[in-house]
Amino acid sequence: MSITEAQVQSALKELIDPNTGKDFVSTRSARNIRIDGADVSVDIELGYPAKSQMDHLRRLAIACLRAIPGVGNVSVSVTQKIVSHAVQRGVKLLPGVKNIIAVASGKGGVGKSTTAVNLALALAAEGATIGLLDADIYGPSQPQMLGITGRPESPDGKSLAPMTAYGIQAMSIGFLIDVETPMVWRGPMVTSALEQLLTETRWDEVDYLVIDMPPGTGDIQLTLAQKVPVTGAVIVTTPQDIALLDARKGLKMFEKVGIPILGIVENMSLHTCSKCGHEEHIFGEGGGARMAADYDLEVLGSLPLAMQIREQADSGKPTVVSDPDGRVAEIYRDIARKVAVKIADKAKDMTAKFPSIVVQNT
């Protein structure tokens with residue numbers, strides 16, 4: 001008895017992707033259904049990086065198809081394809097960069113840079129090609145967090161080749177100046193330097209470029225938000241009321257320039273004493289959740305106030321690479337998957353697709 005494509009489609013409609021909460025048919029992830037008598041094969045193409053999830057998703061799909069009455073051999077291939085998605089109006093995509101994620105906060109000291117570097121490393125661990133731009137001209141921290149020394153090369157004398165660490169491409173003003181040199185620059189100079197770092201870096205086919213934004217909501221941040229093609233923003237805060245006040249301002253800034261907010265990351269949400277195990281909400285409790293509820297957003301993840309996160313970042317080996325199997329790295333990977341899934345849900349960028357115009361003599 002032959003299996004029909006309708007049976008296969010019906011079975012796949014019942015299979016829910018645990019990362020998106022949707023079935024593989026409605027998301028058009030199930031492709032190339034091939035039927036040979038009772039044997040069935042299908043390709044599942046994910047729009048987000050999921051290297052650690054592929055075997056699990058493949059097993060789920062095989063089990064789903066084997067439930068079809070009379071089915072023979074079942075073959076499922078799971079791959080990923082990350083494409084460019086829409087950005088704010090009037091801003092063109094960067095060459096060599098598909099999507100840009102801005103990691104921002106309303107104020108400093110909330111762990112934004114640590115979140116940015118671990119988000120970048122988590123996306124890379126899931127199989128994406130990643131770039132990281134340190135946009136904090138006044139206080140660049142990514143060179144130390146990534147353990148990168150030296151200066152970037154300029155193969156053509158006009159552009160810069162990004163530095164690399166742990167499989168990701170990185171660029172920072174910190175690569176170009178002495179570590180103790182203060183950046184005593186006015187706003188226009190800083191904005192110009194940032195634009196140059198962004199556009200004159202030879203990014204190599206980056207799926208996601210994570211931008212570690214400077215803290216605040218001043219002229220520099222607004223100029224970046226208006227000129228940089230941002231796919232979505234992640235707001236980093238702590239549960240503290242003062243931090244939340246500033247985080248709300250950062251959120252409103254992105255809303256005004258038409259950049260969607262992908263979600264909120266709450267840092268320092270809980271401290272566990274390393275000696276007695278007592279848990280305490282030092283900076284308050286539930287602040288990120290309340291802010292998310294006010295703006296109909298999702299808390300992408302809550303990270304503890306843990307000494308090892310600081311120690312690992314300071315040593316140039318952030319948590320995702322120094323303790324990949326630990327609980328904190330798992331939280332960062334979960335945040336990265338949620339961010340990538342939300343981007344995959346957005347409209348695709350079609351600016352590079354033009355109709356073919358053929359002129360013929362008749």
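Trainee: What phi does Tyr 166 take in the hairpin of S6 and S7?

Mentor: Tyr 166 takes a positive phi near 55° in that hairpin, which has 2 residues between the strands. This is a predicted model, in which local features need pLDDT of at least 70 and side-chain atom pairs count only at pLDDT 80 or more, while totals for chains, interfaces and linings use all residues. Residues are numbered from 1 along each chain as its sequence is written, and side-chain values use heavy atoms, with hydrogens and water left out.

Trainee: How do you know that S6 and S7 pair?

Mentor: Two strands pair if DSSP finds at least two bridges between them, strands being DSSP runs of E with at least two residues and helices runs of H or I with at least four, numbered from the N terminus. S6 and S7 have 3 bridges in the antiparallel sense, with Thr 164 the bridge partner of Gln 169 in S7, so by that definition they pair. S5 and S7 pair in the parallel sense over 4 bridges, and there Gly 131 stands opposite Gln 169.

Trainee: What makes S7 largely enclosed by the rest of the structure?

Mentor: Buried means under 20% relative accessible area, whereas exposed means over 50% and partly exposed lies in between, with a 1.4 Å probe and protein chains only. Because 5 of the 5 residues of S7 are buried, the strand is largely enclosed. Both faces are covered, with Ile 168, Ala 170 and Ser 172 buried on one side and Gln 169 and Met 171 buried on the other.

Trainee: Why is Lys 112 called buried?

Mentor: Lys 112, which lies in helix H3 (residues 112–125), has 6% relative accessibility and therefore counts as buried.

Trainee: What makes the side chain of Lys 112 a partner in a polar contact with the side chain of Asp 212?

Mentor: A polar contact is a pair of N or O atoms within 3.5 Å, where, within protein, one must be able to donate a hydrogen and the other to accept it, and residues adjacent in sequence count only if both atoms are side-chain atoms. The two side chains make such a contact at 2.8 Å.

Trainee: Which strands are the edge strands of the open sheet of 8 strands?

Mentor: The order is S6-S7-S5-S8-S4-S9-S10-S13, with mixed pairing, and the edge strands are S6 (163–165) and S13 (299–302), each pairing on one side only.
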